[in-house]
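I opened the notebook to record what I looked up, entry by entry. The sequence and the model come before the notes.

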Amino acid sequence: MKAHTHIRIFDTTLRDGEQSPGVSLTPEDKTEIARQLSQLGVDTIEAGFPSSSEGEKKVIKQIATEKLQPEICALSRANKPDIEAAIDCNVDAIHVFIPTSPVQMKHAIGMTPQQVLDAAVDSVAYVKKHGLTCEFSPMDATRSELPFLKQVCQAAEEAGMDRLNVPDTVGIMTPKTMTKLIQEIKTAVSVPISVHCHDDFGMAVANSLAAVEAGAQQIHCTINGLGERAGNASLEETVVALHLLYGYRTGVNTKLLYGTSKLVAKLTGIAVQANKAIVGENAFAHGSGIHTRGVTVKPLTFEPIKPGYVGRTRKLVAGKLAGTRGVKTELEEMNVYPNAEQLKEIVRRVKELGDKGKMVTDADLTALASAVMGGLVKEEQTVELRDLAVVTGIKVIPTASIRLALDGKEYTAAETGVGPVDAVIKAIQKITDSLANVKLNEYRLEAITGGSNAVAEVIIKVENDKGRIMSARAVGEDIVMASVEAMINGINKCLLREQKNRRNISSHLEPQRNGAATKRGLIKVTAVDAR
Ligand code: KIV
Ligand code: ZN
């Protein structure tokens, strides 16, 4: 029987996460993330480190005025000026830290153990004198001498600390050593215990979960596992494991995990690796024949987590390992219904492309189907290019203006960019973002031939607001035109996939019983190079 079934989630994306090399968030970015974290349902938002700069202090103050649901906390070293800067921000809680390991006491802050002990006690007492919640961290706890660590923790408790956080500052713990340490600390203090694990050995999540099993009631984590060096325990992995593997509860609405991850990746500029658990692009994608067949027949075969549980959708990917069932399902989702013979040939061509080392995009798949089905598959072009003008030069800011037709209605937009491709993609996005809710996720440019007239290949991935990702490619000598073509192909594929749910369009798309598309349901495919 667990002593505690509810685990507090202390989010430090805006503090330790912002310490990730290369990350610097604007005040607007930080406020937007704080609002999202509040919606997500974390218990505490560590909004920043007030004494680090005037700007940081101002944005923490701003976040505190937002009256968000979670407790708003600020980080402070164990000294009065830092604590006063935090109090000034009108936060609910202050997280006071001071190193307790021999190496950090001597070389990072140049203090003796007695000075550290006194500073810890004075600081906790000072925070409590001002009526705020105090979370105390003996920094580098996991490399501290146990008797001294316990002595500092006990003294901090006597001074009034509300929660004790145990930082594995350099990520050297294992689940076994973490379990033992938490058990030891529990004999010294009676306030709730929290853990703060870094991922230097890739064990931050496992160590945090071990701490919970040993009695910790709170975990520090960050969206996408951002943080110093290799980062902190990732919030999405920690929460989903707590819920589904360990049977604990948190206040987190798991359906918002993917959206939150995307927002943080966009604002920090740190992309999530494709194979990352829960929020990586491939986390719910299936490629091989056995897997795609399995999940389409019974999702439990290869899906331990329902995609919708974390705000995702399943993706079947065609390639050299593709199976008939997966390709059939993928095509049907685009309202393309080949008969058995045609399907066999499409699968053969998909594998042929895969064997050449080519990524088979969604647009490629329908282009192959079109070729095999002798034009039976025709395009329903929701978005069409009507006009395009691009200006660039040495003294000219690259500017693109574009005219697109969306469901037959025309829209124009102009944008500037770092180059002509950037400008034109932004102009397309300006129109499709609000009208079709489709955003560019990935852009890849490859030269196929050499020389100044090289043929370039553009591969893009776009994503709609339901998390559906579609890929498309275009090939040409003009990079701008190839980029526009790929982008429009991808957007059309994305919209097409959603068509089943769009009453006005789906009403005239009816598959025949024998599997071939009806005349009224013809879908025309754009001319993409599907070699
Ligand atoms: O990693 C760490 O020790 C920290 C402290 C400030 C708690 O981030
Ligand atoms: Zn840290």
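Entry 1. Which residue stands opposite Val195 in β8? I looked it up in the model, which is a predicted one, and found Ile219. The two strands concerned are β7, residues 193-197, and β8, residues 218-221. I noted that they pair in the parallel sense, over 3 bridges.

Entry 2. I then followed the strands around. β7 and β8 belong to a closed barrel of 8 strands, in the order β1-β2-β3-β4-β5-β6-β7-β8, and the pairing is parallel. From one strand to the next the twist averages 25 degrees. I also checked helix α1, which packs on this sheet and touches β1 (8-11) and β2 (44-48). The direction of α1 makes about 175 degrees with that of β2. Helix α3, residues 80-87, lies across β3 (71-77) and β4 (93-99). I wrote down about 160 degrees for α3 against β3.

Entry 3. Next I looked up how the chain is divided. The assignment gives domain 1 (8-268), domain 2 (285-372) and domain 3 (383-526). Taken over C-alpha atoms, the centres of domain 1 and domain 3 are separated by 43 Å.

Entry 4. I turned to the strands β11, β12 and β13. They form an open sheet in that order, with antiparallel pairing. The edge strands are β11 (383-391) and β13 (409-416), each of which pairs on one side only. Direction ignored, neighbouring strands here are turned by 15 degrees against each other on average. For β11 and β12 (residues 399-406) I recorded antiparallel pairing over 8 bridges. One bridge I looked up is that of Glu384, whose partner in β12 is Ala405.

Entry 5. Which helices go with this sheet? I found helix α15, residues 420-436, lying across β11, β12 and β13 and running at about 35 degrees to β12. Helix α16, residues 479-498, packs on the sheet as well, touching β11 and β12. The direction of α16 makes about 155 degrees with that of β11.

Entry 6. The largest pocket has a volume of about 820 Å³. I counted on the listing for its lining, which has 30 residues, with Lys262, Lys266, Lys439, Asn441 and Glu463 nearest the centre. The elements that give two or more residues to this lining are α1 (27-40), α10 (257-268), β14 (438-447) and β15 (456-464). Helix α10 gives the most, with 7 residues. By class, the lining of the largest pocket has 10 nonpolar, 11 polar and 9 charged residues.

Entry 7. How many cavities of 30 Å³ or more does the structure hold? I found 1. About 60 Å³ of space lies in the largest cavity. Its lining consists of Glu281, Phe284, Arg312, Thr313, Arg314, Lys315, Gly467, Arg468 and Ile469. I sorted these by class and got 2 nonpolar, 2 polar and 5 charged residues. Domain 2 and domain 3 both give residues to the lining of this cavity, so it lies between them.

Methods: Residues are numbered from 1 along each chain as its sequence is written. Chains are lettered from A and ligands numbered from 1 in the order in which they are written. This is a predicted model: local features need pLDDT of at least 70, side-chain atom pairs count only at pLDDT 80 or more; totals for chains, interfaces and linings use all residues. Side-chain values use heavy atoms; hydrogens and water are left out. On a 1 Å grid over the protein atoms alone, a cavity is a set of points where a 1.4 Å probe fits but cannot get out, and a pocket is an open set with protein on both sides within 12 Å along at least five of seven lines; lining residues have an atom within 4 Å of a point. Grid points are joined across faces, edges and corners, and a volume is the space filled by probe spheres set on the points. Helices (H or I, at least four residues) and strands (E, at least two) are DSSP runs, numbered from the N terminus. Ala, Val, Leu, Ile, Met, Phe, Trp, Tyr, Cys and Pro count as nonpolar, Asp, Glu, Lys and Arg as charged, and the others, Gly among them, as polar. Two strands pair if DSSP finds at least two bridges between them. Axes are lines fitted to C-alpha atoms, for helices over the stretch in contact, and angles run from 0 to 180 degrees between N-to-C directions. Contact means heavy atoms within 4.5 Å. Domain bounds come from an automatic or database domain assignment.
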